[in-house]
Amino acid sequence: MRVGNVRSLFSCRLCWRIALTVFGLILAVESVILVPSARRFESGLLQRLAHEAVIAIEPTLAASAYGAQAQALEAGVRNAVGKYGILGVLIVDAGNRHMAEAGDTEGLARQLLDAAPMGGAGTRHPDGARTDLAWPSAEGLTVAVRVDTGGVAGEVFAYTLRIAGLVAIIVLVVTAGTMLVLHRSVLRPMLRLRQSALGAGADPDRAEDFLVPARRRDELGELIDAHNALLGRIAESKRRDREAAEDRARFLTRHQPLTGLPNREALIEHVRRLAAQPAGTGRCVSLLLVNLAQFRVLNASFGAQRCDELLRRFAERLRRAAPARDFVAHLGADRFTVVHEAAQCGAGDVAGLAETLVRETATGYVLDGAGEISLVVRIGISRSEARSPDGPALLNEAGLALARIAEADGARYSFYSPELAEQAQARQSLARDLEGALARGELFPVLQPKMALAAGGAPRLSGAEALLRWKHPVRGFVRPDLFIPLAESSGLIGSIGEFMLRAACGAMRGWEDRYGWAPRIAVNLSAQQFTDARLAAGIAAALEAGRVPARQLEVEITETAAMKDVAKTARTLGELSALGVRVSIDDFGTGYSSLNYLRRFAVDAIKIDKSFVDDIGQDANADAVCDAILRLGQSLGTRVIAEGVETERQLAFLRQRHCDEVQGYLFGKPVPLEEFETTWVAARAAA
Ligand code: G
Ligand code: G
Ligand code: MN
């Protein structure tokens with residue numbers, strides 16, 4: 001037995017319990033047996049002593065039977081005293097006459113009454129050292145003898161000690177044997193089981209590495225078999241879990257979690273597969289990049305959760321609307337793609353597909369609590385033409401085509417053309433030029449008059465809108481629609497916005513100084529400026545620098561910018577009105593016009609978008625929109641301004657419906673500051 005085994009044996013709590021129980025049991029049994037056997041031993045000893053005494057006296061008695069004299073009997077008796085442990089002897093005859101007496105006989109006569117054949121066990125004195133016995137002899141005499149039994153206690157003790165020693169040895173041997181057997185057949189397999197269970201518990205993936213070798217045909221053997229089977233099942237279930245997790249991970253890396261559609265990587269791989277196919281006769285791969293315009297606005301108004309649901313339903317409808325062979329993917333957020341493969345590169349069938357997709361997916365979404373929702377679905381299309389299809393390139397081109405739709409209002413899909421790439425490049429070079437434009441003095445403001453419509457009277461100047469102009473040294477005038485987005489994406493919008501604010505405040509200061517009066521100026525804020533936390537501070541600084549009262553300044557933000565983040569908009573507008581600056585909502589009616597949010601915003605005016613004003617008197621729809629916006633403004637108590645007024649007919653329509661202010665070429669085009677001053681400010685001051 002190795003040292004480790006010995007140690008494990010000694011620290012085996014179970015073995016100790018069993019062995020100690022066995023030990024205790026043997027001890028109990030032995031002690032129960034020891035008491036009567038010691039008694040038996042003692043009485044046997046006493047009997048032997050009595051027997052010896054009887055045998056020692058008998059010859060003397062026999063002699064008396066042959067007529068020996070009492071003296072001889074007396075002498076024989078005296079002779080017997082001191083031998084065979086005899087201490088005293090008393091003999092009487094049948095008539096109870098005293099025949100002989102020797103040694104210690106005090107009280108011995110009492111024994112004669114109980115005389116029994118062969119003396120019986122006799123009567124032991126309380127101190128145990130002497131025992132008296134009496135018996136009737138064959139010769140008709142009655143003999144009483146006192147025997148020395150002083151040594152009996154010692155012998156009994158020695159006997160007990162011997163037995164106890166023996167028991168101790170038996171107990172030790174049995175205990176040790178029990179421990180050994182327990183160790184071999186219980187402890188060792190149990191320790192193996194424990195080690196296996198601990199190991200498998202700590203590393204269930206490798207559960208099968210911890211199987212316990214089983215060579216036994218008993219209950220423990222069955223336990224080990226059951227344990228091994230359990231390990232096998234754990235390993236199996238772990239393996240299945242792992243495989244499921246791997247499948248899921250593989251699925252996730254290839255799919256968009258929200259809609260379950262293949263993702264960008266899967267799309268690119270799909271196009272690569274198409275490219276790898278043997279080039280057929282002019283096979284043509286078209287990539288349709290499907291975008292939900294205004295999705296951010298929907299997100300802001302309905303909450304991410306409902307919009308996720310909307311995206312899921314849209315994905316489902318898109319999948320169903322596309323031909324079954326087409327590859328539909330979800331790139332993320334509001335961008336999807338459909339990859340369509342056709343035998344030839346005719347634009348017609350792809351355009352038809354785009355129309356179908358828009359028709360099938362744009363309308364009729366009912367979300368709980370939001371009523372029926374329509375989506376603005378736009379599709380940018382790129383085609384592989386004669387080239388081998390390339391996923392990233394097709395995506396890029398479709399993106400350019402999509403961006404063009406945003407400009408060309410009304411269209412729902414657009415094809416990529418090489419000019420788009422050129423335009424993108426041109427935009428990039430324009431963005432580079434814009435960087436130094438402010439410093440070089442190429443940017444300047446122009447002002448367009450705003451006229452108040454007093455009941456009956458002629459329109460009167462009430463303010464001006466400041467509009468930015470860029471005179472490019474080579475290209476000439478660049479439209480703000482073109483360069484403002486560039487300024488936003490390059491981060492220049494901050495300094496340009498501040499330049500406009502300071503120019504407006506400076507102009508008002510000058511007019512005030514020169515004419516004692518200044519019309520209010522409205523400055524346009526881009527979406528990005530509007531989300532800048534330092535906006536209010538910047539405006540306050542510009543007002544302070546020009547020493548212009550805040551109510552002289554107006555800012556215009558587009559409806560779309562205001563709706564991007566409704567909570568933030570409400571906060572920023574609160575800050576601006578706390579400053580005293582007026583706020584108007586620009587391009588009203590083109591975006592997501594929500595009366596609900598408008599009520600939350602601190603707004604002074606709404607501007608009817610030019611596109612509606614343009615169609616006044618020609619399109620009943622436009623009339624209805626203008627009418628509705630005017631009434632909305634009146635019910636909310638905000639001023640309503642109509643922009644892009646070019647005809648008397650439009651003016652009459654607006655006047656009839658109590659439009660507060662008008663702005664447009666009918667009254668004045670945007671002109672540089674000096675011109676505005678002479679034509680409008682000085683003229684009115686003089687009047
Ligand atoms: O009149 P004009 O073509 O300049 O206006 C085109 C668009 O450019 C308008 O919608 C107007 O809101 C925007 N715009 C003009 N000037 C500015 C400006 O200083 N800042 C911002 N953010 N937008 C402007
Ligand atoms: O910021 P806002 O979207 O309001 O920009 C006003 C734009 O409309 C500017 O580009 C301005 O030059 C233009 N504009 C203002 N009045 C008229 C008008 O009567 N006719 C046309 N065609 N454009 C106008
Ligand atoms: Mn404007």
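**Sheets, a metal site and a helix pair**

Q: In E12, what's the bridge partner of Ile 381?
A: Phe 415 is the partner there. Strands E11 (residues 376-383) and E12 pair in the parallel sense over three bridges; two strands pair if DSSP finds at least two bridges between them. The strands (E, at least two residues) and helices (H or I, at least four) are DSSP runs, numbered from the N terminus.

Q: Before I go on, what's the model and numbering?
A: It's a predicted model, where local features need pLDDT of at least 70, side-chain atom pairs count only at pLDDT 80 or more, and totals for chains, interfaces and linings use all residues. Residues are numbered from 1 along each chain as its sequence is written, chains are lettered from A and ligands numbered from 1 in the order they are written, and side-chain values use heavy atoms, leaving out hydrogens and water.

Q: OK, what's the strand order in that open sheet with mixed pairing?
A: The five strands run E7-E8-E6-E11-E12. Its edge strands, each pairing on one side only, are E7 (327-332) and E12 (413-415).

Q: Which helix packs on the sheet?
A: Helix H8 (residues 304-321) does, touching E6 (284-293), E7, E8 (335-342) and E11. Contact means heavy atoms within 4.5 Å. The direction of H8 makes about 5° with that of E8; axes are lines fitted to C-alpha atoms, for helices over the stretch in contact, with angles from 0 to 180 degrees between N-to-C directions.

Q: Switching to the metal: what coordinates the manganese ion (ligand 3)?
A: Glu 465 (OE), Asn 524 (OD1), Glu 556 (OE) and Asp 586 (OD), at 2.1 to 2.4 Å. Donors are N, O and S atoms within 2.8 Å of the metal (3.2 Å for Na, K and Ca), and water is not among the atoms, so sites may look incomplete.

Q: And how are those donors spaced along the chain?
A: The pattern is E-x58-N-x31-E-x29-D. Glu 465 sits in strand E14 (residues 460-472) and Asp 586 in strand E18 (residues 582-588), so the pair ties together parts 121 residues apart in sequence.

Q: Now helices: how do H13 and H22 cross?
A: The axes of H13 (residues 493-515) and H22 (residues 673-686) come within 11 Å and cross at roughly 35°.

Q: Which residues meet there?
A: From H13, Ala 507, Trp 511, Arg 514 and Tyr 515; from H22, Leu 673, Phe 676, Glu 677, Val 681, Ala 682 and Ala 685.

Q: Last one: what's the order in the antiparallel sheet?
A: That open sheet of five strands goes E2-E1-E5-E4-E3, with E2 (98-103) and E3 (123-124) as edge strands. E3 pairs with E4 (residues 130-136) over two bridges, and Arg 124 has Thr 131 as its bridge partner in E4.
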